[in-house]
Structure formats: structure tokens, C-alpha cells
Amino acid sequence: MDGGGELRAVRGMEGEPAEGGPWILGVRHHGPGSARAVRAALDAQRPRAVLIEGPPEADALVALAGDEEMRPPVALLGHVVDDPRCSAFWPFAEFSPEWVAVGWALERGVPVRFIDLPAAHSLALRAEEGKEEGQGEQGGAEGAPGADIDTQPGAAAAAEPSAEDLRVDPIAVLAETAGYDDPERWWEDVVEYRGQSRSAGEALAPFAALAEAMGALREVYGSGGHDRDLVREAYMRLQMRVAAKEFGSGYAVVCGAWHVPALHERTTVTADRALLKGLPKAKVDMTWVPWTHRRLSRASGYGAGIDSPGWYAHLFAAPDRPVERWLTKVAGLLRDEDRLVSSAHVIEAVRLAETLAAMRGRPLPGLSETTDAVRAVLCDGSDVPLSLIHDRLIVGDVLGEVPSAAPAVPLQRDLTRIQKTLRLKPEALERELELDLRKPNDAERSRLLHRLRLLGIGWGEPAAATRGSTGTFRESWRLRWEPELAVRVAEAGIWGTEVLGAATAKAEADAIGAPALADVTALAERCLLADLPDALPVVMRVLADRAALDADVGHLAQALPALVRSLRYGDVRGTDTAALTEVAAGLAERVFVGLAPACVSLDADGAAQMRTHVDAVHGAVALLDEQRGTQDGADTDAVRPRWYAVLHTLGTRDTVPGVIRGRAVRLLLDEGELSQDEAGRLMGLALSAGTPPADAAAWIDGFVGGGSGGMLLVHDERLLGLVDAWLTSVPDTAFTDVLPLLRRTFSAYEPGVRRTLGELVRRGPADGPATAVPVGVPGFAATLDEERAAAVLPVVRLLLGLDDAADADDAVRTTPDNDLAEVAG
């Protein structure tokens, strides 16, 4: 293309500022090269107004982009007022051309207007399409991957339709035409590494070239198979005509390069309005919300996503020597991870990146060259640290900020206030949060996180404790703020204007609409965790009604554990659980009465499910007795003795499936309610010759299944002998039938336990009385060597976090027996 043709393509000439326009600047969204080119073109032409592809509803929010509290990446969030789930985002990064254009205009007092199809039409169209597909109105909380809003160029949406819509990637086609096999590498060479333009003609040249290329593509592919582009482009042309009447020809348009040929197209006002006639419309609210680099990534499903937002942000921000500065960042990250990286490493990596760029014929080292250099020099050829660099730097977890003056639903404002009060700042990087509920601030943080989870705002997820504590006074959370949570907050706004009131209303509604009794008991637990005293009476009333009407023992047994688990939080959180305790006790009694009849004549799947219920109820009963202030047999109201009677019935009734009988016997043995002799007798009966092999195998699975069943066989050779004798007597015809069940049972044991059992079986039965661990097994003694055990106590106590090593060492010297018992316990 000659110079004159380039200038004609953008309708701009090397004339006076604000004359000779309009200047249509086609860009690739989230491209630092496009952003620099837009800034240079605006500086050179100095237009009287700037029109930007984006929803016109955002015109009232443009001024906030210049607020001191605004920190990109951010996004415009639009949602239907009556249904916040129907929503969409228009993200901006610091290196987005649209963001640069907005900033340029605000700094100089130049009017800024968005000219894309209004969100009122876009979201209404999307809702209608969802209904036609039978999916209901689609939500935008996931960034709407594949939806028209995000895959189409909006304010910082895709610069060109996605490959799925176009059946062709324009950048890929242009790269292939230029002889490149990597579209991103071609884009970097042609645009990102282009020098700064010096004259007005040079500033407009890249846009002219890109416009001509896109014009050729659209001649071949038309609208790319996405008819809504034609509607959007018609609206843009109408807005350009409005701007021409107000500002003359001295205005600039910043839009996706794919649209430039359509905006140059000469059409009539009547034809454009005909395309817009009859569009559905909805009432829409719009605001600014924080965004993240990770959500700008193509891997997140964002239709206009890029592979390396962190790298692009670095290219845009680096004043000079981008490769050297980038490798210095990489070295800093690796040093923070305790890897040995020196200045010499960085120097050598820079040299290698430059050499690779020269060998590959590139003007400057790109991301591929720097990554190869980092792998070879800084990572010793390993991809493990390289994955960390990709996650933290190439993509990144930068979270933007929006000013407090930005419009927000009342619930969002209340949440922001609480976050500041509790010093719990939202962050894009996932982090662990340890809470000690005995501290007032930590207790309030816990209540907030539980209330948000009840509202469906998943800012935090409970995690396993990392300090070796299983007490109820400590909680561990995994926090990560995602931009889509702003939509969740808007959705939850229908329940109230404050977090506490909204969570209370949501809990009451969930209780009334809960489909199963177990759901109500789980909700009661969540109400206690979230400290919702006003919702708990409603939940308890629904719980009592459901429990009275539900005659299914399985449902009752499934609901009891969550209900009893809730009682633990009364002591730590200061919640009155007296009413809950009585409901739990009544529920337990109904389980005791109906469990034995419910276990008769079950098939294999039903028996396995009932075994799970038996285990859960067993754990709940012990906790329920503790909460009611009773102990084993010390009070006539104790629940545990009655539960033991139920287990005795289950363990001795022939009509009960073997897996449940075996489990009942095992539980009684563990609780000391059954002697080893009696357990051996019941096992002998279950494994007798008259018992079908499948039933006997099921009994064994119930008795010794699970992680601790292997240790029982290790410490009681008589039980092991019974299992061994039965197994050797199983007929060949039946052995293949019971083998899968037995393999599943014994595969759950630890490798050391399986190895010990194998050695015991290979050695054969002992002549003398059974010992806990046989003397003949190498590495084992007949009794515990306390002196050798005491030597490792300092390390064990340190690992368990019981106290520091010095205190542990002193304890070992003074009271080894007590320490051994404590660690063992």
C-alpha cells in the first residue's frame, strides 16, 4: 500500500488538528501496540470528540475513569434490573486502546461517547435467545464465554469475532499470509515492536494498513456468520452521523478493526434504522467493577481474551529495555521462591533471548524468546518453575479497583463497609486465611464468609486446617475474589440491603423450599455458623415439621449428623442450641426405633448406603451425648446406651445384610461394648461353611473395611486366622465372585499394613498366645522400646505444632511416659 492509499483508508490527512476526519482507528482490544498507536494518533490529530465502541449506557460513568481511586483492570458491568443474572462485562486493562482513548479525552476535556448497540437491546436479545433454546435467561457471572456480548467487540470486548463465530481467525489469516505459523508472534513483530510514530501520517499509517487488510477479509467472509454484527454496525453509523452534526468531521472513532470496513460503508439512514427496528429492550443498570488479568486471559473462556495479559501490561508500562526489565521481574519472583538466581543469570538470559531473536529473524526478543531463555538459564531446563512464572507474571493476578463513588446496589455498599471494618480486602490471588474464633475480629470474619456463602457469593471456601488443630475454635478458609462475584452480589440484592438481613431472608426462603429433610438440617448448621438468630426459629419449625412427617429412616439418619454437628458451635460462637439439642435427641430416637426394621432385605447398593448411615449416626450419637451433658450410662437420658442396643440387634440378626452386621460388630468392639472373644465368635459364625461366600465377604468388608480395619487384624491374630481360614476354604467357583469385594476391602489399607498382614499370613499362626506384633517379624520387638521412642518426640511434637522443640526436649527428659501417651493419643 502506498502512503496516499493508507491515509485515504482512514479518511485522515496530514492537515490541521481536528480537520480532515473522521479518523476511524481500528484496534485489537487489549493490545499494547494498538494502545500506543491510538495515543499517538490522538496526539497528532487532536479530535474534538472521541467515540468508542461500547454500551451508550456507560456515558454517565466515563468521568469515573479519571478518578484517582480507579485502578485498571476494571470492567463495565451491565445487568437487567429485574434479573441480574442476565448480565455482561466490558473489560478494560491499562493497555486497552479504549482505556487509553478515554484517558486521553478526559485529560483534555474532550467529550467521550460510547456508540455500540445499547446494552438494553443486547441483553434483551440474549435473554430471548436463551428462552428460545430452552435454557432460560443466561447469566453473565462467568464472563459469558461464547455469548454475543463478550465475544463481540464491545468496550474492550473482542477486536474480531471469535473463531467459533467466524470460522476463521483474522489475525491467523494475516499471519499465515505473511509467512508466520504463530499469529501472536506475527502480531508482536508487526504491531507490538513498532517504533513510536513521529508525524501525523506515520501515526495513522498502521490503522490504514489494518483497515485495508480487514476490508479484504470482509469481502471474503462478510459478517463472519454473525448477523448481529450488522445490527451493531448500523447503530454505530447512526451515532457517527449524530457526532458529525455536533462536532463536524473532527472526531475520532476507536473500535475493533473488524468493524472498520463496515463503518466506512456508505449507507442510508433509513437502511440503518430498518436493521434496528423491532429490537427487544430491557431496563439495564450499569456500573464499574474490579477485573483481573486472569479474567483477561483467553484460557478463562473470555471471547476477546489474550494469552499473556501480564506480559502485555509489562510491554505497555516499560519505558525502555523491556526484555531486561522483564527478566529482572522473573529473577525477583524466583528469588522469592528461594531459588538461586544471580545477576549473572539475568545477564546471560538477556543475551540468550537476543541471540534467539536474531536467529529467528525477529526485530526484538518476544515472549517465546524470553521464555526459552528463562527455561534454559534461570530454570535449569525445568518446566516446573516456568509454570509458576506463567501463572504469576505472564498471566498474573492483578486485581483492579473502582472508586467508592461508582454506582452500586445497597448490598454491595454494605459488603464493602464490612470488608473495610474487618480489614478483609478482596484479592485476586488465592490465599489461605486462618481464623481463631475466640478473637472477636476473626469471629466476625467467619460470620461474614458464612453469610456470603449462604447468599451464593463464593468469595471464600472452607479448607482443611493447616495447623494440626481440629478444634471448633479454629477455621481455615481459601479466599479468592473473582469479578463475577459482583453479579452474585447484585443477584443477592433481592433478599435485602444489608448482608445480615439478606442472609436471614435467604435462609428462611431456603428452609421453606428445601426438598429434603437433610437439606433443612444442613441449613440449620449454616445458620449457626453464620450467626442468624432471626432465621433459626423458622428453620427449626420447618425442621420439626419435616422430621415429624418423614418416615424414611434413611432420610432421618442422613439428617441427624449435620444437626448434631451444629451443636458444637454453641460453645465457641455463644449461640443458644438448647432447642436444637432437643430436636436432635428426638430425631435420634426415631432413628433407633426404625433402623433395625429398615435394614432387613436390602440389596447390595441399599446395604452399602445404609452402612454409611450407620457410621454417620454412630459419630453423631457420641457428640449428642456430650452436648447433653451425659456420659456412658451415667444418666438415664443418655443416648449412647440405647444406640449400643440397636447395634447389638443389627450385629446378631441374620436377616440384616452382612456388611451392616459386620459393621455393627466392629463399632461395638471399638467402643468396648463387645469383648474380643464375642467378636471372634460372631466372625466365626459369619464365616462358617453354611454362609454363602458373597455374604461372608460382605461381613468381612463391614468388619475390617476402612482405614483402621487392617490394624485390627494386625493386632488380633485370631481374627486374622479366621479370615485366612475362611478365604482358603472358599470354593473355586465362588472365589471369582467374592474377589472384587475383598480386593476393594484390603486395598484401602496403608501399604505398611498390607505388607505386615502379608508377612503374618506367610509366617502362619503363632504357637503361643497372640501378641500385638509378632517377634519373628524383622524390625519389630515384642514390647515398646520407650527410650528409642522418646528420642524422636521433639521432632514429632514440632511437626504436630504442640510446642517448640526446646520445650518438647525438656518434656522428654522429665516425663517420657506421659509424653508418649500424649503423642500417641
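**Entry 1: helix H23**

I started with H23 and found eleven of its 14 residues buried, so this helix is largely enclosed by the rest of the structure. Buried here means under 20% relative accessible area, exposed over 50%, and partly exposed in between, with a 1.4 Å probe and protein chains only. Helices are DSSP runs of H or I with at least four residues, numbered from the N terminus. This is a predicted model, in which local features need pLDDT of at least 70 and side-chain atom pairs count only at pLDDT 80 or more, while totals for chains, interfaces and linings use all residues. Residues are numbered from 1 along each chain as its sequence is written, and side-chain values use heavy atoms, with hydrogens and water left out.

Among the buried residues of H23 I noted Leu517, Thr521, Glu525 and Cys527. I then checked the length: at 1.5 Å a residue, H23 (residues 517–530) should span 20 Å, and its end C-alpha atoms are 20 Å apart, which agrees. The expected span is 1.5 Å times one less than the number of residues. Just after H23, I saw that Asp531 takes a positive phi of about 55°.

**Entry 2: H32 and its partners**

How do H31 and H32 pack? I found their axes 9 Å apart, at an angle of about 150°. Axes are lines fitted to C-alpha atoms, for helices over the stretch in contact, and angles run from 0 to 180 degrees between N-to-C directions. H31 and H32 are therefore roughly antiparallel; that label needs an angle over 145 degrees, while under 35 counts as roughly parallel, 65 to 115 as roughly perpendicular and the rest as oblique. Leu682, Met683 and Ala686 of H31 meet Ala696, Trp699 and Phe703 of H32, with contact meaning heavy atoms within 4.5 Å.

Next I turned to H35 (residues 732–747), whose axis comes within 9 Å of that of H32 (residues 693–704) and crosses it at roughly 10°. That makes H32 roughly parallel to H35. On the H32 side I listed Ala697, Ile700 and Asp701 among the residues in contact, and on the H35 side Val738, Leu741 and Arg744 are included.

**Entry 3: Ala551**

I found Ala551 in the loop between H24 (536–549) and H25 (553–566). Ala551 counts as exposed, at 68% relative accessibility. Gly594 lies 43 residues away from Ala551 in sequence and 8.7 Å away in space, C-alpha to C-alpha.

**Entry 4: confidence**

The chain averages a pLDDT of 79, and 81% of the residues score at least 70; pLDDT is the predictor's confidence in each residue, from 0 to 100. Over residues 1–16 I found pLDDT below 50.

How values were computed. Helices (H or I, at least four residues) and strands (E, at least two) are DSSP runs, numbered from the N terminus.
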